Amino acid sequence: HQVGAAVFLASALLDGALAIPSLYLWMAIGSGFALVFTEWLRHRQIFRELSGVGTGLKLVLLGLGLHGFLPMQTAVLLAFVLASIFAHAPKMVRHRLLF
């Protein structure tokens, strides 16, 4: 997942000068769905937890960037930073129920 996301980030930071090879794009999307699905199997309330809310926020940021509401560089970079923070947060923080 990190390789596909890193290629996506590099393409965004270089103003699209680096075209995203479809293999890496689908690698990021497919592995992202697989990661969320496996976490959902373990934590059925994932979308009420901090990690699930973070995933939703990352998707919203990417959507805002892709549709032109935010600069693409900013949206992708923020999503990448959020992903790093949520991935390295302690387990008790990541899986805390928010609502």
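This is a predicted model: local features need pLDDT of at least 70, side-chain atom pairs count only at pLDDT 80 or more; totals for chains, interfaces and linings use all residues.
Residues are numbered from 1 along each chain as its sequence is written, and side-chain values use heavy atoms, with hydrogens and water left out.

Keep everything in view for a moment. Along the principal axes, the C-alpha atoms of the protein chain fill a box of roughly 40 × 25 × 20 Å.

Now select helix α4, residues 72-88. Its end C-alpha atoms are 24 Å apart, which agrees with the 24 Å that its 17 residues should span at 1.5 Å a residue; the expected span is 1.5 Å times one less than the number of residues.

Next, show the side chains of Ala75, Val76, Ala79 and Phe86, the buried residues of α4 (buried means under 20% relative accessible area, exposed over 50%, partly exposed in between, with a 1.4 Å probe and protein chains only). They cover an arc of only 100° around the axis, so they sit on the same side of α4; the arc is that of the directions from the helix axis to the C-beta atoms.

What do these buried residues of α4 pack against? Select α1 (2-13), α3 (50-66) and α5 (91-94) to see their partners. Then turn to the other side of α4, where Ile85 and His88 are exposed.

Finally, select Trp40 and Arg44. Arg44 lies over the face of Trp40, at 4.2 Å from the ring centre; a charge sits over a ring if NZ of Lys or CZ of Arg is within 6 Å of the ring centre and within 35 degrees of the ring normal.

How values were computed: Helices (H or I, at least four residues) and strands (E, at least two) are DSSP runs, numbered from the N terminus. Contact means heavy atoms within 4.5 Å.
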